[in-house]
Amino acid sequence: MRIAILGAGHVGLTTGACFAHCGHQVTIADIDQDRIQRLRQDEMPFYEAHLDHLLEENRSRLTFTGSYADVADADVCLVAVPSPTGPGGGVDLSFVRAAAAGVAGALRQRTAAEPLLVVNKCTVPVGTGRMVSEIIRRGLEAEGPPAGKIDPPAYTVCSCPEFLREGRAVHDTLYPDRVVIGAESDGESQTLRALYQPIVERSFPAVPGLEGPDRATTVLVTSLPTAELIKYAANTFLAVKLSFINEIAGISAAVGASIQDVADGIGLDRRIGRSFLDAGIGWGGSCLGKDMRALTTTAAEYELPAPLLNAALAVNERQRGVVVRLLQEELRLLKGARITLLGLSFKPGTDDLRDAPSLRIAERLLELGAEVLGYDPVVRSIPVDGARLVASVADGARGADALVLVTEWEEFRGLPWADLARAMRRPLLIDGRNQLRPAELEAAGFRYRSIGR
Ligand code: UDX
């Protein structure tokens with residue numbers, strides 16, 4: 001099939017590379033000309049495991065363009081532009097609107113007779129599918145039918161939300177748990193089933209170093225607004241689950257229990273499940289917080305209270321402060337203390353700093369008069385005035401009063417702890433992700449504190 005993708009961000013680029021890997025012809029359009037230029041020269045705009053390999057391997061089936069008009073003759077056009085938080089917590093749909101207007105413009109150049117299937121991949125409030133359809137219709141009406149034609153070109157709009165995780169984006173795209181198709185007609189869902197057939201059947205070539213799960217992919221066909229709501233409900237459920245375990249972690253610490261054992265104990269119940277029960281400094285990233293706020297805004301539009309969602313947001317905000325409180329308990333005075341953050345990205349496997357807990361923690365420590373250093377295996381700058389990036393864990397440990405594990409990168413598990421403890425002014429380690437072995441750290445000379453224990 002011929003696929004057009006609007007937006008060369010995390011979702012657009014990964015989806016495009018994976019569909020090209022499945023044998024489809026893919027054109028990716030983005031308004032960021034610099035990004036398109038770099039992609040044409042095989043330069044990655046961000047770090048994502050396996051993505052560079054897929055782009056290189058499938059280069060002959062991938063076209064990059066800086067103009068939405070170039071997507072005119074696709075069979076399917078996926079909209080994967082950003083939908084950031086707007087003023088007041090709602091979603092800023094300006095990129096989605098511009099993409100819809102771009103589709104209207106492209107449609108006027110269309111030579112193919114079949115209708116263009118426009119598919120919303122980005123996370124957008126319920127009803128956005130209809131809005132996109134209207135913008136395209138008005139765009140076409142305003143210009144009149146293309147020269148030599150009587151009717152405006154045909155198109156339909158449906159939804160196919162994206163559930164990929166950063167750092168696991170290629171895995172999640174090639175081996176999704178489910179494909180949700182929000183369509184208003186059989187024809188639309190058949191086209192999307194055909195698009196996803198190689199993924200559902202796993203008929204694409206293996207990717208070196210990437211293994212799929214045993215479980216098969218389920219295709220779920222729903223109405224358009226249902227698919228839009230499924231995306232929000234999935235992300236907010238994950239966020240509520242995390243805030244739940246983080247709230248229990250506070251109680252666990254108070255009563256002297258171990259939060260990891262509590263998580264294992266409840267996670268063994270199949271109705272609950274163990275995933276997303278690792279207590280820590282709270283969720284970050286571009287999606288969970290944004291989608292929580294967007295859904296509470298939608299609820300407010302219908303005058304529906306959303307106390308559970310609001311509480312989950314509040315718990316997450318408070319959770320960043322737990323590390324600071326532990327530092328205060330141990331060091332008493334933070335003024336003049338040198339504190340080194342291990343890991344800055346919002347989670348391992350990515351260089352993404354959006355809503356990263358490291359930033360809020362660094363800001364708070366600086367406000368309290370501490371000196372803040374940060375080390376990360378892939379992040380190359382800290383966007384917090386006054387915080388300083390160091391080139392290695394050893395540089396960060398020298399003369400430090402505390403190390404704080406913020407992001408659980410694999411390389412932090414096997415550090416030469418005894419050497420690091422000796423290089424520090426005070427060998428204190430705060431494990432914000434409960435990832436290290438207390439006995440090992442204590443044997444190396446560290447005072448070790450973690451969350452919920
Ligand atoms: C999330 C959803 O998982 C994905 O389906 C959706 O498409 C986009 O939003 P992502 O933001 O990439 O994906 O990150 P995810 O792996 O879900 O982690 C979110 C945050 O929760 C991270 O900050 C992570 O560190 C934190 N987390 C996750 C925990 O603190 N504990 C856990 O047990 C799991």
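Predicted model: local features only at pLDDT ≥ 70, side-chain atom pairs only at ≥ 80, totals over all residues.
Trainee: Let's start with N316. Where does N316 sit, and why is it called buried?

Mentor: You'll find N316 in helix 11, which runs over residues 307–331. Its relative accessibility is 4%, and buried means under 20%, so N316 counts as buried.

Trainee: What does N316 touch, leaving aside residues up to four places away in sequence?

Mentor: S243, I281, G282 and W283. With W283 there's a further detail: the side chain of N316 reaches the backbone nitrogen of W283 at 2.7 Å.

Trainee: How do you know that the span of helix 11 agrees with what a helix of 25 residues should have?

Mentor: Take 1.5 Å a residue: the 25 residues should span 36 Å. The end C-alpha atoms are 36 Å apart, so the two values agree.

Trainee: Where is the kink in helix 11 centred?

Mentor: On R320, with an angle of about 25 degrees. Then, just after the helix, R332 takes a positive phi of about 65 degrees.

Trainee: Now helix 10. How do you know that its span fits?

Mentor: Helix 10 covers residues 288–301, and its 14 residues should span 20 Å at 1.5 Å a residue. The end C-alpha atoms are 20 Å apart, so that agrees.

Trainee: What makes helix 10 mostly covered?

Mentor: Of its 14 residues, 10 are buried. Among them are L288, M292, L295 and T298. The buried residues pack against helix 8 and helix 11.

Trainee: Which residue just after helix 10 has a positive phi?

Mentor: E303, at about 55 degrees.

Trainee: On to H50 and N434. What is the phi of each, given that neither is a glycine?

Mentor: Both are positive: about 75 degrees for H50, and about 50 degrees for N434. H50 is in the loop between helix 2 and helix 3, while N434 lies in the loop between strand 13 and helix 15.

Trainee: Why is H50 called partly exposed?

Mentor: Its relative accessible area is 25%. Buried would need under 20% and exposed over 50%, so H50 falls in between and is partly exposed.

Trainee: And why does N434 count as buried?

Mentor: N434 has 6% relative accessibility. The limit is under 20%, so N434 is buried.

Trainee: Last topic, the ligand. Which residues come nearest to it?

Mentor: Of the 19 residues around the ligand, those are F163, L164, E166, G284 and K347. Helix 8 gives the largest share of the shell, 4 residues.

Trainee: How much of the ligand's accessible area does the protein cover?

Mentor: 90% of the 660 Å² that the ligand has on its own.

Notes: Residues numbered from 1 in each chain as written. Heavy atoms only, no water. Helix = DSSP H or I, 4+ residues; strand = E, 2+ residues; numbered from the N terminus. Buried < 20%, exposed > 50% of the residue type's maximum accessible area, 1.4 Å probe, protein only. Polar contact = N/O pair within 3.5 Å; in protein donor to acceptor, adjacent residues only side chain to side chain. Contact = heavy atoms within 4.5 Å. Expected span 1.5 Å × (residues − 1). Bend = angle between axes of the 7 residues up to and from the residue. Near = heavy atom within 4 Å. Areas by Shrake-Rupley, 256 points an atom, 1.4 Å probe, with all protein chains shown as cover.
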